[in-house]
Amino acid sequence: MKKSILLLLTLVFTMGLVLSACESSGSSGGEAKDTLQQIKDRGKLIVGVKYDVNLFGLKDPKTGKVEGYDADLMRALAKHIFGEDKKLEDILEFKQVNSKTRFEMVNNGEIDMASATATITPEREERVDFSNIYFIAGQSLLVKKGSPIKSIDDLGPDTTVIAVKGSTSEKNIKEKAPDAPVKLFDDYAQAFSALKAGKGDTLTTDNAILLGMHKEDPNYVLTGGLFTSEPYGMIFREDDDEFRKYVNDFLDELKSSGKLAEIYKKWFGEAPPEDILKENTMLK
């Protein structure tokens, strides 16, 4: 009997040790949530940016360098984390994302975060979290000079609209011009090529992206003004609150120092709006 009791006590004690070890492992599993520490341990920030969006993230085929507002903000963030004296090639790695892949690549840990012209919406907040608003865009139309399309009211069954898969622009245009057929492409480079090849009558997305296309080829112009408001946020894994707060604080410091305005003006030719970096009120 005494042996049985002793055996039982031994088993209980052993199970307690196992559970304790599991709990300990679970709390250090918080390591998975401590993105900033992982970045520091790795010695490099890995971010997703687009490679085909002029003014935000565009890869120069000659130099291989990614240029734009998003790319410069991420360069400033890498310096903020590792120090101004570090070489960017040692502390920052860009990975290409597009409208379809950016959320999945953040969620599966392939990248630490993404700065990739992503509009903050309640539906997307169900999949990822967003920073405060770092750019405010609006959806518009791009047409060839001389096009009879002057506004969204001119879109109907005989006008084909080009859009990018997985973008809010696709959803918006189907709601606001339900009779117009929509052709979808994987990225903006393909979409703009399709417009120039005559595969559609107009291309729709955020005005900031369209301005980049106009800059690339002035034969194509924006028309019809803005018919949506598109607040952009940087993308984080759900509940990665500490790292998201770290980046929001960094953006606030960048604004206070005047560096944010400097980067903004470099790409858009004007000062940012006063309310840039306003709080993301859609955050769950």
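How many aromatic pairs does the count come to in this predicted model? The count comes to 17 aromatic pairs.

**View 1. Tyr69 and Tyr134 form a stacked aromatic pair.** The ring centres of Tyr69 and Tyr134 are 5.9 Å apart, with 20° between the planes. Tyr69 belongs to helix H3 (residues 69-82), while Tyr134 sits in the loop between strand S7 (129-130) and strand S8 (135-137), so the pair ties together parts that are 65 residues apart in sequence. Tyr69 and Tyr134 are both buried.

**View 2. Lys196 lies over the face of Phe192.** The distance from Lys196 to the ring centre of Phe192 is 4.3 Å.

**View 3. Strands S10 and S11 pair in the parallel sense.** Four bridges link S10 (residues 161-164) with S11 (residues 182-185). Val161 stands opposite Val182, a residue of S11. Together with helix H6 (residues 168-176), S10 and S11 make a right-handed β-α-β unit.

**View 4. Ser140 is a residue of strand S9 (residues 139-144).** Ser140 counts as buried because its relative accessibility is 2%, and the cut-off for buried is under 20%. A polar atom of the Ser140 side chain lies 2.8 Å from the backbone oxygen of Gly225. Gly225 is also one of the residues in contact with Ser140 when neighbours within four places in sequence are left aside. Other residues in contact with Ser140 on that basis include Leu203, Thr204, Thr205, Asn207, Leu210, Leu222, Thr223, Leu226 and Phe227.

Technical notes:
Residues numbered from 1 in each chain as written. Predicted model: local features only at pLDDT ≥ 70, side-chain atom pairs only at ≥ 80, totals over all residues. Heavy atoms only, no water. Phe/Tyr/Trp six-rings, centres within 6.5 Å; stacked < 30°, edge-to-face > 60°. Helix = DSSP H or I, 4+ residues; strand = E, 2+ residues; numbered from the N terminus. Buried < 20%, exposed > 50% of the residue type's maximum accessible area, 1.4 Å probe, protein only. Lys NZ or Arg CZ within 6 Å of the ring centre and 35° of its normal. Pairing = 2+ DSSP bridges. Right-handed = clockwise from strand over helix to strand, strands pointing away. Polar contact = N/O pair within 3.5 Å; in protein donor to acceptor, adjacent residues only side chain to side chain. Contact = heavy atoms within 4.5 Å.
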